[in-house]
Amino acid sequence: MNLYSPVERWQSRTTFVFALAIAAVGLGNLWRFAWLMGEHGGAPFFFSYLFCLFFIGVPLLVAEVVLGSHGRGSPFLTMSWATDVSNRSRLWLTVALLSCLAGFLLLVSYLLIAGWSLAYAYQMQLGSFAAIALSDAAEAFDTKISAPAGLLRWQFLAAIVLALTVALGIRRGIGLFVWIAVPLLITLLGVIVSFSIEFGDLSAAGEFLFAWQPMDFDRGSFMAALGHAFYTLCIGVAVGMSYGAYAPSKLPIVRAVVTVALFDVVVAVAAGVAIFPVLFANNLVPAQGFGLLFISVPYAFGNMPFGDLYGALFFVTVFVTVLGTAVALLEPIVSVLEQQFRVRRLQAAIGMAVIAFMLSAYATVDLGAADDGQGFLQWLDGVTAEWLIPAAVLLLALFVGWRMPREVLRQELAREPDILFSLWYFLIRFVAVPVIAFAWLWLSLVP
């Protein structure tokens with residue numbers, strides 16, 4: 001018996017897939033995936049990433065969605081139901097605690113990037129980076145974070161959009177947003193890819209991204225592929241549990257999640273094709289992170305024909321992508337406040353968005369003051385990526401694979417054929433658990 005039935009539920013399977021897809025695309029596909037491919041051997045890294053994504057990441061996300069779909073409540077209520085129906089200790093609610101905490105801390109970084117992408121989209125269309133020198137682009141970035149009042153205004157605007165989207169509810173807010181965001185993302189990315197193919201150095205980008213360089217692929221490369229597979233599907237941050245609770249009944253969960261993973265791969269490759277030919281056309285060394293997004297990209301677009309327009313469109317694409325993940329990260333904690341503590345959704349959404357904004361504002365100010373250029377953001381990344389998410393994912397795999405009754409899981413995956421269910425059940429028990437444990441040990445012992 002379910003403990004709580006949410007007021008709203010998506011009626012369309014497409015809405016669920018869109019919501020999970022825009023959450024999964026995330027920032028990593030825009031500023032990290034293509035660089036990882038080039039640095040770790042190209043094709044060998046890509047195929048290892050596909051293995052990690054579909055044989056480890058997808059089963060884990062399916063496990064999260066299964067919990068949410070059957071529990072039909074916030075992550076805490078879902079885990080409460082799951083422990084009761086499995087006759088297990090309530091200590092397993094630690095999965096929900098770690099996941100919600102990790103998701104909210106990750107939201108701080110996403111809100112920061114969302115605001116900055118709006119700021120750069122505005123400045124690109126004004127022509128602020130037209131024919132700019134690379135050193136001037138770097139100096140402009142340093143100036144912005146040293147005197148961050150302008151960036152903070154854009155972060156506040158992003159926080160308002162985020163809060164309103166979640167506050168409007170599952171259908172009128174998140175549901176409507178994903179139906180706008182996914183087609184818009186596809187359109188914008190298509191336009192930028194066309195521009196990059198026409199004006200960029202496609203051959204150099206192809207050699208960097210898709211070359212077969214096995215000498216550059218090692219054990220660390222596999223761990224990078226595994227880490228990105230976890231990161232890109234929003235595993236371990238309660239997104240699957242939350243969105244699973246709003247999924248329509250009789251949903252073929254495994255096939256829906258596989259569709260999301262395929263969409264994620266296509267967007268990741270398209271993002272690489274959109275960015276790296278433009279970089280190589282301007283003789284830039286490929287990079288990742290802030291240096292790529294806020295120095296190299298503005299410089300590259302600013303020195304190309306129609307670059308101001310297409311550069312602005314690129315940063316709008318970044319904003320849409322980041323906002324989609326930010327919405328997914330905020331929803332779990334809002335649902336907890338609404339369903340367990342009886343806080344009105346509007347108040348919960350605004351309150352948590354304000355807290356996230358204040359933390360992101362501190363991170364922005366701290367970024368300009370930190371000697372190594374990282375500071376608070378580096379601490380957030382270390383806590384979430386090295387401790388909270390691995391712990392949440394490992395406990396999730398152990399609970400679903402080894403503590404929940406098989407018949408309960410089979411009932412929730414009744415739309416899937418027996419062979420597909422058996423494959424998923426094998427992967428979650430005998431592949432995901434040992435691989436996650438080994439990966440976490442690796443991260444702890446290898447500097």
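Here are some notes on this predicted model, point by point.

1. Ground rules. This is a predicted model, so local features need pLDDT of at least 70 and side-chain atom pairs count only at pLDDT 80 or more, while totals for chains, interfaces and linings use all residues. Residues are numbered from 1 along each chain as its sequence is written, and side-chain values use heavy atoms, with hydrogens and water left out.

2. Where α4 meets α5. Helix α4 covers residues 43-71 and helix α5 covers residues 75-86; helices here are DSSP runs (H or I, at least four residues; strands are E, at least two), numbered from the N terminus. The two pack at an angle of about 90°, with their axes 9 Å apart. The axes are lines fitted to C-alpha atoms, for helices over the stretch in contact, and angles run from 0 to 180 degrees between N-to-C directions. That makes α4 and α5 roughly perpendicular to each other (the label covers 65 to 115 degrees; under 35 is roughly parallel, over 145 roughly antiparallel, and the rest oblique).

3. Who does the touching there? On the α4 side you'll find Leu67, Gly68, His70 and Gly71, and they meet Thr78, Met79, Trp81 and Ala82 of α5. Contact means heavy atoms within 4.5 Å. By class, the α4 contact with α5 has 4 nonpolar, 4 polar and no charged residues. For the classes, Ala, Val, Leu, Ile, Met, Phe, Trp, Tyr, Cys and Pro count as nonpolar, Asp, Glu, Lys and Arg as charged, and the others, Gly among them, as polar.

4. The loop between α4 and α5. Take a look at Arg72, which sits in this loop. Arg72 has a positive phi of about 50° although it is not a glycine. Its relative accessible area is 6%, so Arg72 is buried (buried is under 20%, exposed over 50%, partly exposed in between, with a 1.4 Å probe and protein chains only).

5. Phe306 is in the loop between α14 (289-302) and α15 (307-339). At 58% relative accessibility, Phe306 counts as exposed.

6. Salt bridges. Side chains of opposite charge can pair when their charged atoms come close. The cut-off used is a side-chain nitrogen of Lys or Arg within 4 Å of a carboxyl oxygen of Asp or Glu, and a search of the whole structure finds 5 salt bridges. One of them joins Glu416 to Arg255, with the closest N and O atoms 2.9 Å apart. This pair links distant parts of the chain, 161 residues apart: Glu416 is in the loop between α18 (406-412) and α19 (418-445), and Arg255 is in helix α13 (residues 253-281). Glu416 is buried at 2% relative accessible area, whereas Arg255 is partly exposed at 40%.

7. Arg345 and Glu338 meet through their side chains in a salt bridge (3.3 Å, N to O). Arg345 counts as buried at 10% relative accessibility, while Glu338 is partly exposed at 21%. A network of salt bridges links Glu331, Glu338 and Arg345. Asp418 pairs with Arg410 in a salt bridge, their closest N and O atoms being 2.6 Å apart, and Asp418 is exposed, with a relative accessible area of 54%.

8. How many disulfides are there? With a disulfide taken as a pair of cysteine sulfur atoms within 2.5 Å, the count comes to 0. Cys100 is in no disulfide, and its nearest cysteine sulfur, that of Cys234, is 13 Å away. Seen from Cys234, the closest cysteine sulfur is in Cys100 at 13 Å, too far for a bond. Cys100 counts as buried at 7% relative accessibility, and Cys234 is buried with a relative accessible area of 7%.

9. Ala131. This residue lies in the loop between α6 (94-126) and α7 (134-146), and at 65% relative accessibility Ala131 counts as exposed. Leaving aside residues up to four places away in sequence, Ala131 touches Gly302 and Asn303. Ala131 and Ala149 are 18 residues apart in sequence and 26 Å apart in space, C-alpha to C-alpha.

10. Ile389. Helix α17 (residues 376-402) holds Ile389, which counts as buried at 12% relative accessibility. Not counting residues up to four places away in sequence, Ile389 touches Ala102, Ile235, Gly236, Val237 and Thr384. Ile389 and Arg406 are 17 residues apart along the chain, and their C-alpha atoms are separated by 25 Å.
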